[in-house]
Amino acid sequence: MNLIFNKIFIWFRMKKRALMQLIILLLMSAYFFFNGCSQQTDLFDLQRTICSSSSVQDTLKIVRQLEQYYLSLTVPDSISTQVTTAFNQQLQNFTLPEMPAIPAKLLPADIFPLEKKLQEIIQAATLAKVRQDTLPINQVIAYARRLAISIDSAKSIKYWQKWLDNSQKFGLNSSQNWLQAQIAANYCYEYHNSTGSYQMAEFFGARALQLLAKSNDPRLELDVWQRIQIILYKFKGLYGLSFALAQHKIAQSRTIGYLLREVGLIYNFANALGHVGQDQIVISKLSALLEQVKKYPTVPDMVSYKKLICFCLGSAYWQTGNYIQALQICNEIEKESLQPSEKIELTICECLNYHELGEYEKVEQLYKEALQLAYANRDYSNLIVIYLNLSDYYNQFSLYKKSLIYCDSALAIFTQNNKQNLANKCLILQNKTNILSRLNRKDEVHQINQEIEKLLEDTNTPLLKAENFRLVARTNFELKNYEAALINFTKALAIYNELYLTRPGVETQINLIKTLIQLSRLDEAQRILNEVNLKAKKMQDEFIQIDVNGLKAEIAFKKNKLHDAIYHSNLVLSQVRNRFNSIQTQDNFAAFRQRVYHYLKRAAVYEIYAQHPDSAFCKLDFAKNSYAALKLNSSRLIHSKFNQQSKILTINSLQNHLKKDQLLINFLISDNELHVFTLTTENLRLFSKSISIDHFQDIIDDYLQVILKTNEIFRSDDKQERLEHFQLARSHGNKLYQLLFSWPELEKLLDNAQLTYVIPDEMLYHVPLATLPLMRDEPSPFLINKTGIINLACSAGINDGKNDKDSTKDTYKIRFSVDLNFKKAAELVRSIKSIFPNAEELSSHGLTDNKIDILQQLNAGDDIYIFCGHGTANTENPDLSTLSLAARDTTTSKRHIVQFTLNNCKKIDWSSAKLVILLGCETAGKDEIQGTGLEGFQQVISSRGAQNVIATLWKIEENQGISQIESFLKAWTETQDIATAFHKMQLISIQKLEKHKLFQKPHPFFWGAFTLAQATNHIEL
């Protein structure tokens, strides 16, 4: 058997996993109605009854009613005709099977293959009877009886002798019915397994059961009932009926010693339990089942079940956050012989677990391998899955443009190869609307939603409707169409409740609560939240429990019950800390952090409204610090040691790290409000104002666009155009300054600060704050004229007093790489060597395509790294962002260029670096990831322990860039302080631009691209 019932659905039951939606819809796409309203009502009545039954007798009674339902189901004439036709062909092609010698004593390895041979012989004898052949039927039956006795004796049961005697009593009609029942059962299997046509499978299953009613065969009946069990939960969502049927048929399988069917029924029972969130039970059942299966490798098709069990068990481990165990299960699967589709599915499974473990470079590498294999095998279904999963992967990191590209790729594959699959198209279009809504492309969203609604008119499938209602609701929520979102969430929830689907129902209720909060219908939200709270405790789902407390806090806040809001938000903080401390990984934690970041920020907001600025600051710092601390810890400390040191920073401890002429600013943007914390050695202050988030974003975009257009303007000789451009930059920049800093008390603090640490929030990571104009009468009225600016991920990055004076330039270990193709590059090399006599140039041993030497040198633990080369930020794949490194061949002294990727950068230990200079385009990164900053060389190097990293926010002009770094190095030798030297570098650049005949004005584009990020080793929570 192939990967029969799962595909890779089992890895995508969390609410933000695109593949979860895809496979749910795939499983239902062929189904348009349950053969008439009356039959549908009968099954739903049984489902409601089974879910309220309390005794074994009641459950058994309902199972009997279910059996009667299929015995009386009206099967289309075409089904019976197809079975009859296949039966006639079977009669014409009849051959007598080989009858091997029966061993005196059957070994365990012989039992099950001979059991299969016995079935073939009994079938042949029955065919001969129907054909009325003159073959030696009596001899065949005698052989079958001897074989049946041997098998029963070896298995210590009395089944086959009894069944053989019973089958010999079949008359001509009974024999025909039995043979046709086998054919119908085979069609049932083929339709549900190979094509996913569950309605056809259901009809053939019903036909087989109706034929078997006239010719009893318990084993064949169990074969059919296993298919029905699957159809009930996968196709119709009737989990209660499926559970009851499975338990009843498992007992029957044990009674007659039908091991393979017992395993199959238990597996599907556990798989269905996983769909409704009972993952701990799934792990228990499947772990025991896996050990049982390993004992019977010779049972036909048992190896396939072993793979299926491993896949499902891996799903349960993934769902419960046991990613290491899930990967161990993947290793078990790899040992088996796998079909190409299975290899693809296994690769996708590994990607999901590596994603949760933060090993994103592996994720993208494995997805590429899966794509290649899927293309090579024309596996269009898995191609769509991979593209959608990649789309969702990047969507989670707010890389919406990249996410859209992969979603469009999935749509293109669908259009070319899978045009008739309604479920696929609905899902792909829904994913696209979700991305477009985040890009604020409302007209396109509206157009696609109309297309989806038209598609849904063609089906009455309940689960398909529910999933699409939920997706449409999410899109409306993103667009702030809360009334429409409420309507669609309510429709989806009604269907999930009708089908008794706990997990998707709870997730929909959470979204429903969030919508009601936005509509200020707080009592309704509270009532639903109470229901969710009970379900979350029963499910033992820590993510939902975090949602529950976060939403309790928000409702209390909206009701002006600040004490309750703070209480519940403190529970969220505790749950998040416990979750962080339980993550056993060596890399990023961005996915989980993005899920909880909103709740962490809201905890700070509640304290602000309660007039507790100290607590608000500390909680905001926890929200930002948690990610930075864990990233740094992953490359610097042993995890257990970190857990013991983990604690929240206090105001006093931060003030002890500040100097009198230093200022710390921490931004908080939440729900159309801007809060700005300022901390000095003397006090903590809070400045707040109401803002329009959309207007705020427009101002940022306008300022950045005018800056990035500067180089284009300067290509012309129109002095007036240059002047107007500079004035436009000042105008847009000042609007942003007014929004962020226009409180008189805050401006006074900036005037008195020699150095200002800035901790950005969303939308501000890629803003060059130092370049913001003040619109005063000074010749160069920028924020940099007031104070030096250093970016921090969190307050733990404040310099702890161990400044650069601890060492001298003569004792520093320096590694540099300069591309001499740049103008003034040779001058930069001379400057480096004159300032740092011990500086060593990056070198290689003649192997231009081999990075091993390069990576070893970068891992040597130097104090200072200076890189000057072409930089490229890869928006589509950040890990493939590059910085060109020039390596000198030690044998020829010639230099060749090595493309150093962000992925390479992640493999370097930067913890000994006091300073890293990245003199190349866009080395700070290009895309902003929600709650984590810019994904680029600066963030990666800083997060892995480098104390100071200088990088660029945009494409720079090489002469200006090299000139600035030379100024910085000279200033550093004079001041022995990196922050002071960086500030001085920018001021010198402004002065030079003012005096330059061409530039005349200090356009921020030419001097403001560099940003300094600092981090230290004393990360605490």
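Guide: Accessible areas here come from the Shrake-Rupley method with a 1.4 Å probe, and for residues only the protein chains shown count as cover. On that basis the protein chain exposes about 40,400 Å², of which carbon and sulfur atoms supply 48%. The model is a predicted one, in which local features need pLDDT of at least 70 and side-chain atom pairs count only at pLDDT 80 or more, whereas totals for chains, interfaces and linings use all residues. Residues are numbered from 1 along each chain as its sequence is written, and side-chain values use heavy atoms, with hydrogens and water left out.

The secondary structure comes to 43 helices and 17 strands, taken as DSSP runs numbered from the N terminus (helices are H or I with at least four residues, strands are E with at least two). Of the 1021 residues in the protein chain, 61% are buried, where buried means under 20% relative accessible area, exposed over 50% and partly exposed in between, with a 1.4 Å probe and protein chains only. Among contacts (heavy atoms within 4.5 Å) between residues at least 6 apart in sequence, 73% join residues at least 24 apart.

Now to the rings themselves. A pair of aromatic rings is described by the distance of the centres and the angle of the planes. Rings of Phe, Tyr and Trp (its six-membered ring) pair if their centres lie within 6.5 Å, and planes under 30 degrees apart count as stacked, over 60 as edge-to-face and the rest as tilted. The structure holds 30 aromatic pairs. One of them is the tilted pair of Tyr-387 and Tyr-406, at 6.2 Å centre to centre and with 35° between the planes. This pair links distant parts of the chain, since Tyr-387 belongs to helix H18 (residues 380–396) and Tyr-406 to helix H19 (residues 400–417), 19 residues apart. Both Tyr-387 and Tyr-406 are buried. A further tilted pair joins Tyr-865 and Phe-867, at 6.1 Å centre to centre and 40° between the planes. Tyr-865 counts as buried because its relative accessibility is 0%, and Phe-867 counts as buried because its value is 1%. Returning to the tyrosines, ring pairs join Tyr-387 and Tyr-406 with Tyr-393 and Tyr-394 into a cluster.

Elsewhere, helix H37 (residues 825–835) packs with helix H41 (residues 958–975) at an angle of about 10°, their axes 10 Å apart; axes are lines fitted to C-alpha atoms, for helices over the stretch in contact, and angles run from 0 to 180 degrees between N-to-C directions. H37 is therefore roughly parallel to H41, as angles under 35 degrees count as roughly parallel, over 145 as roughly antiparallel, 65 to 115 as roughly perpendicular and the rest as oblique. The contact includes Leu-828 and Ile-832 of H37 and Ile-965 and Leu-969 of H41.

Two backbone details lie in loops. Most residues other than glycine have a negative phi. Asn-560, however, has a positive phi near 65°; Asn-560 sits in the loop between helix H26 (542–558) and helix H27 (562–582) and counts as exposed at 62% relative accessibility. Met-763 has a positive phi near 75° and lies in the loop between strand E4 (755–759) and helix H36 (783–786), but Met-763 counts as buried, at 11% relative accessibility.
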